[in-house]
Amino acid sequence: MNVSIFDTADEAAAALASRVARALTERPHIVLALPTGRTPVPTYAGLRRLHAAGTADFSRATTFNLDEFAGVEASHPGSFRTFMERHLFTGVNLNSGRIHFLNGAAADLDAECDRYEAEIEAAGGIDLLLLGIGGNGHIGFNEPADELVARTHRVRLADSTTRDNAALFGGDPARVPREALSMGMGTILKAGALVLMATGERKAKCIERTINGPLTPRLPASFLQLHRSVELYLDQAAASLL
Ligand code: F6R
């Protein structure tokens with residue numbers, strides 16, 4: 001794994017935004033996979049700024065988001081779709097026809113997961129996949145478990161994950177959906193290149209185990225060790241146990 005450590009979270013975010021902008025220049029038809037969460041907010045702000053400055057052109061890019069809450073309409077204020085509209089999509093020139101999202105409100109959620117896998121295939125696979133990491137080591141919404149699922153699937157969220165996402169639902173963990181749809185570990189590991197960003201001391205233990213620990217479904221991010229192209233963008237706090 002290629003580990004870059006920055007003094008601050010803002011510096012890590014700026015470097016990652018530049019990394020994505022470079023990828024857009026090198027490969028204008030790039031297929032990106034994108035996370036939500038607190039960590040990527042400054043990266044998306046950086047990308048909006050680079051776009052405004054004329055150095056991040058999304059016009060031919062395709063995006064797939066990693067996950068979405070089940071039972072939530074795209075237009076719901078707590079949906080990941082709404083998050084992405086606010087933090088990235090409305091500030092860059094993505095073609096709306098090339099923005100792909102899991103529909104958490106689909107009548108048949110299993111069929112929705114199959115549809116998403118087929119769309120990723122039809123787009124030629126994911127070139128560059130950005131990740132955050134949960135405080136419990138989840139990536140996407142692949143939660144620690146006895147077994148991990150390879151393809152896009154329905155997942156029951158860990159209590160810690162519903163707590164972490166409460167801000168999207170008026171601060172009340174009880175209002176966070178218990179279920180979500182997420183790309184699977186295989187979907188993630190098939191991407192051409194992976195970039196994981198982590199900031200803050202809360203992530204330090206998981207980051208240390210992701211890099212140095214054994215492969216275990218109890219820490220889904222540990223499976224990133226199997227991929228030949230993984231970059232970690234960390235601030236000092238997240239790297240403090242390395
Ligand atoms: C969300 C996602 C999650 C987050 C993780 C970290 O789309 O994929 O794996 O990346 O929960 O969230 P933050 O950045 O809020 O700590």
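## Basis

Local features in this predicted model need pLDDT of at least 70, side-chain atom pairs count only at pLDDT 80 or more, and totals for chains, interfaces and linings use all residues. Residues are numbered from 1 along each chain as its sequence is written, and side-chain values use heavy atoms, with hydrogens and water left out.

## Ligand site

The ligand is surrounded by 14 residues, the closest being T39, D67, H138, G140 and K203 (a residue is near if one of its heavy atoms lies within 4 Å). This shell divides into 3 nonpolar, 7 polar and 4 charged residues. Here Ala, Val, Leu, Ile, Met, Phe, Trp, Tyr, Cys and Pro count as nonpolar, Asp, Glu, Lys and Arg as charged, and the others, Gly among them, as polar.

Polar contacts are pairs of N or O atoms within 3.5 Å. A side-chain N or O atom of T39 is 2.5 Å from an oxygen atom of the ligand, and one of H138 is 2.6 Å from a ligand oxygen atom. R38 places a backbone N or O atom 2.7 Å from an oxygen atom of the ligand. On its own the ligand has 410 Å² of accessible area, of which the protein covers 94% (Shrake-Rupley method, 1.4 Å probe).

## Cavity

The whole structure contains 1 cavity of 30 Å³ or more. A cavity is a set of points on a 1 Å grid over the protein atoms alone where a 1.4 Å probe fits but cannot get out, and lining residues have an atom within 4 Å of a point. The largest cavity has a volume of about 60 Å³, the volume being the space filled by probe spheres set on the points.

Its lining consists of L16, P35, T39, P40, T43, Y44, L130, L131, G132 and M197. These lining residues divide into 7 nonpolar, 3 polar and no charged.

Key:
1 Å grid on protein atoms, 1.4 Å probe; cavity = no way out; pocket = protein on both sides within 12 Å on 5 of 7 lines; lining within 4 Å. Polar contact = N/O pair within 3.5 Å; in protein donor to acceptor, adjacent residues only side chain to side chain.
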